[in-house]
Each structure stands twice: as structure tokens, then as C-alpha cells.
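Thanks, everyone. Let me put the structure up, and then we can walk through it piece by piece.

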Amino acid sequence: MYKLNVVREDFLFLEFDGRRWPTAANVWVIFDHDGLILIDTGLNSEESFAGIAACIAATGHAVEEIHTILLTHGHTDHIAGVQQFLKHVTPRLMLPAQSLPIATSPDLQSEQILPQAVREIVPELADFDVLDNFRQTCGEWVLPEADVSVIHGGDRLQFGQYCFVAIPVPGHEVGLMMFYEGDQGIMLTTDFLRNDGAGAALPWYSSSAGGVDLYLESLAKVAEFSVQEAFPSHGGAFNDYRAAVAETHSAIVNRQKIIEKQLSVGPQTCRELDRHLYSARALELCPWYSSVTEAHLAKLEKDGRLIREGLRFSIANLT
Ligand SMILES: [Zn+2]
């Protein structure tokens with residue numbers, strides 16, 4: 001279930017091979033003089049844990065050597081596995097400060113995945129139980145708040161020979177960070193960049209996680225980094241970091257164009273727009289894709305171009 005990539009002898013990239021939700025996030029393992037640092041943890045299941053443990057064992061190390069776990073953001077497919085590791089070790093837990101609320105509060109997690117604004121315009125989602133879905137797919141995931149130390153944008157994390165700088169990239173999740181190792185040109189792109197090898201799940205964003213404009217701002221901010229090796233949280237390593245930034249940007253702009261084109265033909269509901277953007281299968285597995293559509297509608301509203309009549313939307317053409 002996890003493919004072991006030995007990037008350096010002290011830097012492992014564990015690539016989860018699933019492509020459809022629920023997919024565990026990839027995991028990175030870094031070795032230092034004190035033991036192991038784990039970055040993200042996968043799902044809270046014995047199978048996910050065993051997959052990570054097997055990769056670590058294949059390098060002659062053991063889960064018991066883990067002294068630090070860094071979480072890239074507060075989504076359940078990244079943080080739920082912590083519960084499994086806590087059965088074996090008592091590591092220092094680190095998480096972006098702005099991710100702490102959704103990692104420790106079920107209600108806030110639910111609101112960021114499927115905001116109330118989405119429930120109001122997609123009636124079939126009004127009572128959708130996001131938390132029950134996450135418990136079924138990712139396992140119990142809520143982090144114990146008292147035990148987490150928070151990190152902020154610009155923080156430098158010295159892990160063995162690697163000094164990673166935390167780069168805030170809100171949009172997908174308010175606290176999401178990428179981690180950049182400038183000396184060696186390594187970027188951990190986490191959930192921020194689209195990766196064809198991981199299916200079409202990313203980029204994902206909701207208006208309560210940053211929305212369209214903030215996501216595009218984050219992309220502009222990271223486009224010029226000098227990156228030789230880039231590793232995402234879903235799918236395999238990127239061949240070309242800047243191309244991945246450009247493709248992510250295009251994916252967002254294309255969704256905006258599709259929605260504007262549809263709305264210029266005539267009034268549509270959010271669910272009707274969803275069907276122009278995502279496959280029926282994707283909507284069935286992840287009903288919270290409607291949150292992306294709503295984020296685009298929110299952008300149109302902010303720009304003064306959205307006309308709403310009940311649950312139907314159309315567009316005001318600015319002249
Ligand atoms: Zn995520």
C-alpha cells in the first residue's frame with residue numbers, strides 16, 4: 001500500500017498507491033542523530049500503520065525511533081494516523097498554527113470541508129454528515145490539542161541535515177504549508193499542487209479554507225522557488241515543479257471559465273454546475289466537491305457579477 005522511495009539514505013518518500021478516496025496521504029521519513037522524524041501519518045487503520053512501519057523496517061529502522069511527527073495541515077487523511085503511532089511512541093507533535101482548530105474541533109473541520117453556505121445552495125447536502133464519512137474512511141482523527149506544538153510561516157525546521165522553511169499556502173486548507181529545503185532544492189508540496197498521477201482530486205478548496213483568490217495568490221507566491229525535487233502528498237514525485245504550479249493554476253482558472261460559460265447560457269443550480277466540473281463517481285465519493293463550486297460562486301459574488309434567484313444562479317455581464 002505504501003511504495004518505499006529512498007530519496008537519500010536519510011530521507012524516505014513513502015508513496016501511497018491508492019488513487020480514490022479514501023486515500024491516505026504520502027509520508028516522508030527523515031533520519032537525524034536522535035532517531036526518526038515522520039511528516040504526515042496516513043489513516044487511523046492498522047493496515048495504513050503496518051504499511052508505513054514496513055517501509056521503515058525495510059531500511060533497518062523501527063517505528064519506536066520516531067521522536068517527532070510534523071503534520072502538514074489538519075485534514076483527516078494526513079493526521080488520523082497519529083492515533084496509531086501514539087500506541088508505540090510519544091513523539092513531539094507539530095502542526096501549522098492555523099490548522100490546529102480544524103484538527104482538534106470536529107465542527108470546525110466539518111465547516112471547512114462543507115461550509116454552511118454550500119449546504120444552503122445544495123439541498124441534498126443540507127444534512128450530509130461529513131464527520132461520519134471521515135470516521136468511516138479515515139478512522140477517529142481528532143488530535144489532542146494540549147500535546148501539539150504549533151509552527152508559523154517562515155519557521156525553520158532543522159531535521160537532520162535538512163533545514164525546511166515553512167511556507168504558508170492557504171486555499172486548500174487555511175493552515176496548509178509547503179516545506180522548502182533551499183540548499184538542496186527540495187519542496188514538499190503537500191496538498192497544494194495538482195498531480196495527474198493522483199487523479200483529479202486536487203486542487204480542492206472551499207470558500208472557508210481560503211477560496212479561489214487566496215489559492216491563486218498562494219500559487220503566485222511559490223511559483224519562483226528554485227526546486228530540483230518536488231514531492232506531493234498524493235501521487236508520485238513531480239518531474240517539473242514549475243509545470244505543476246502552472247497546471248494547478250490552469251485547473252482553477254478553467255473551472256472559473258466553465259462556470260462562467262454555463263451561467264452565461266442561463267440560470268443553473270450549484271449541483272447542475274457540479275456536473276460540468278466533476279464525474280458522477282467523484283461526486284458520489286466526495287460530495288464536498290460542491291464546496292469548490294461554491295468557492296467559485298463566492299468569487300463571482302465578490303466581484304459583483306453573481307445574480308441569485310432562489311437556488312439558481314446566473315451571471316451579470318459587466319460592460
Ligand atoms: Zn488536504
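Let's start at a pair of strands. β4 and β5, which covers residues 66-70, run parallel to each other and share four bridges. Within that pair, I39 sits opposite L70 of β5. Keep in mind throughout that this is a predicted model.

Now step back to the sheet around them. Seven strands make up an open sheet. Read across, the order is β1-β2-β3-β4-β5-β6-β7, and the pairing is mixed. Where are the edges? They are β1, residues 2-8, and β7, residues 148-151. Each has a single partner strand, so one side of each is left without a neighbour in the sheet. The twist averages 20° from one strand to the next.

α1 lies across β1, β2 and β3. Here β2 is residues 11-16 and β3 is residues 27-32. α1 runs at about 40° to β1.

Between β4 and α1 there is a loop, and D40 lies in it. For reference, β4 spans 35-39 and α1 spans 46-58. D40 is not a glycine, yet its phi is positive, about 65°. Is D40 buried or exposed? D40 has 27 C-beta neighbours inside 10 Å, so it counts as buried.

The one to watch is β11, residues 186-190. Five of its five residues are buried, so β11 is largely enclosed by the rest of the structure. Which way do its residues point? I186, L188 and T190 point one way, and M187 and T189 point the other way. Both sets are buried.

What does β11 pair with? One partner is β10, residues 177-181. That pairing is antiparallel, over three bridges. Y180 stands opposite M187 of β11. The two strands form a hairpin, with four residues between them. In the turn, G185 has a positive phi of about 65°.

Another partner is β12, residues 229-232. Here the pairing with β11 is parallel, over four bridges. T190 faces P232 of β12.

Stay with T190 for a moment. T190 is part of strand β11. Its phi is near 50°, a positive value in a residue other than glycine. How many C-beta neighbours does T190 have inside 10 Å? The count is 28, so T190 is classed as buried.

Last stop: two helices. α9 covers residues 241-265, and α10 covers residues 270-277. They pack at an angle of about 130°, and their axes are 10 Å apart. That angle makes α9 oblique to α10. The crossing is right-handed. Which residues make the contact? From α9 they are R255, I258, I259 and Q262. From α10 they are L273, H276 and L277. By class, the contact has four nonpolar, two polar and one charged residues.

To recap, three places to look at again. Look at D40, buried in its count of neighbours, with its positive phi. Look at β11, between the antiparallel pairing with β10 and the parallel pairing with β12. And look at the right-handed crossing of α9 and α10. I'm happy to take questions.

Note on methods:
Residues numbered from 1 in each chain as written. Predicted model: local features only at pLDDT ≥ 70, side-chain atom pairs only at ≥ 80, totals over all residues. Buried ≥ 20, exposed ≤ 12 C-beta atoms within 10 Å, placed from the backbone. Pairing = 2+ DSSP bridges. Axes fitted to C-alpha atoms, helices over the stretch in contact; angles between N-to-C directions. Contact = placed C-beta atoms within 7 Å. Parallel < 35°, antiparallel > 145°, perpendicular 65-115°, else oblique. Left-handed = near helix turned anticlockwise from the far one by under 90°. Nonpolar A, V, L, I, M, F, W, Y, C, P; charged D, E, K, R; others polar.
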